[in-house]
Amino acid sequence: MNKEGLHIVNHPLVQHKLAILRDKDLGSKDFRELVDEITVFVGYEATRDLPLKEVEVETPITKTTQKMITGKKMAIVPILRAGLGMVDGILSLSPAAKVGHIGMYRDEETLEPHEYFFKMPSDIEERQVLVVDPMLATGGSAILAIEALMKRNVSPADIKFLCMVAAPEGVEALQAAHPEVEIYTAALDEKLNEDGYIVPGLGDAGDRLFGTL
């Protein structure tokens with residue numbers, strides 16, 4: 001595992017909110033709200049290296065030289081359906097970002113992901129792309145999503161992957177497939193179980209977000 005490419009957001013507020021998020025008795029409304037809140041923290045760290053330029057601003061007192069974001073515009077790409085729960089958190093940081101969608105389903109026997117939907121902004125290859133999904137389990141969906149973007153001429157150096165919790169197996173698989181892609185997560189959990197779920201994990205994030213348990 002490349003620890004340089006893995007960023008764990010261990011802020012006390014994140015860890016507190018994540019502990020509540022893991023509770024099996026937490027309702028869908030509260031689950032959605034906490035995913036949104038934690039995403040803001042993870043997104044904050046993932047955008048820490050955005051380039052800046054100096055601009056002149058006139059305040060009510062005087063003219064001053066300040067810094068504003070420059071460089072490539074941003075796109076948010078949730079992996080459907082659970083990734084939708086993280087979109088608003090990123091948009092609160094970057095309201096001008098465009099949103100694309102990648103639909104994936106997992107074969108329950110092989111645990112392999114399959115793409116069923118792909119819709120992106122027309123200029124996706126010119127943007128910094130944040131791929132979001134609450135869970136990085138086997139890594140299969142993340143790898144397939146990134147490869148789908150690369151086929152549309154998005155450079156892997158312009159892609160970051162953001163999640164709530166990650167399994168070591170998923171981190172290793174994603175880093176082996178796409179070492180240029182940095183991973184941002186609120187927690188690195190223990191392992192995957194025999195069914196491919198993260199331990200201790202969150203359960204099925206999509207079901208918990210949308211009340212389809």
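Trainee: Does Asp207 count as buried or exposed here, and why?
Mentor: This is a predicted model, and in it Asp207 counts as buried because its relative accessibility is 17%, where the cut-off for buried is under 20%.

Trainee: Which element is Asp207 in?
Mentor: Asp207 has its place in helix α6.

Trainee: And what does Asp207 touch, leaving out residues up to four places away in sequence?
Mentor: With those set aside, Asp207 is in contact with Ser28, Arg81, Thr212 and Leu213.

Trainee: How many Å separate the C-alpha atoms of Asp207 and Glu109?
Mentor: Their C-alpha atoms are 19 Å apart, and the two residues lie 98 residues from each other along the chain.

Trainee: Changing topic, which residues touch the most other members of the largest nonpolar core?
Mentor: That core has 34 residues, and the ones touching the most other members are Leu18, Leu21, Ile38, Leu162, Met164, Val165 and Leu202. Elements that give two or more residues to the core include the helices α1 (12-22), α2 (28-46), α3 (87-93) and α6 (205-210), together with the strands β4 (74-80), β8 (128-132), β10 (159-166) and β11 (182-188).

Trainee: Which element gives the largest share?
Mentor: The largest share comes from α2, which supplies six residues.

Trainee: What is Ile38 in contact with, beyond its neighbours within four places in sequence?
Mentor: Beyond those neighbours, Ile38 contacts Val14, Lys17, Leu18, Leu21, Met164 and Ala186. There is also a second, separate core of 27 residues, and among its members are Val77, Ile124, Ile159 and Val171.

Trainee: Now the whole fold: how many helices and strands are there?
Mentor: The protein has six helices and 13 strands, and 46% of its 213 residues count as buried. Taking contacts between residues at least 6 apart in sequence, 64% of them join residues at least 24 apart.

Trainee: Last one, on surface and charge: how far apart are the mean positions of the positive and negative charges?
Mentor: The mean positions of the 22 positive and 34 negative charges are 6 Å apart. As for the surface, the accessible area is about 11100 Å², with 51% of that belonging to carbon and sulfur atoms.

Definitions and conventions:
Residues are numbered from 1 along each chain as its sequence is written. This is a predicted model: local features need pLDDT of at least 70, side-chain atom pairs count only at pLDDT 80 or more; totals for chains, interfaces and linings use all residues. Side-chain values use heavy atoms; hydrogens and water are left out. Helices (H or I, at least four residues) and strands (E, at least two) are DSSP runs, numbered from the N terminus. Buried means under 20% relative accessible area, exposed over 50%, partly exposed in between (1.4 Å probe, protein chains only). Contact means heavy atoms within 4.5 Å. Accessible areas come from the Shrake-Rupley method with a 1.4 Å probe; for residues, only the protein chains shown count as cover. Lys and Arg count as positive and Asp and Glu as negative; His and the chain ends are not counted. The place of a charge is taken as NZ of Lys, CZ of Arg, CG of Asp or CD of Glu. A nonpolar core is a set of buried Ala, Val, Leu, Ile, Met, Phe, Trp, Tyr and Cys residues joined through side-chain atoms within 4.5 Å.
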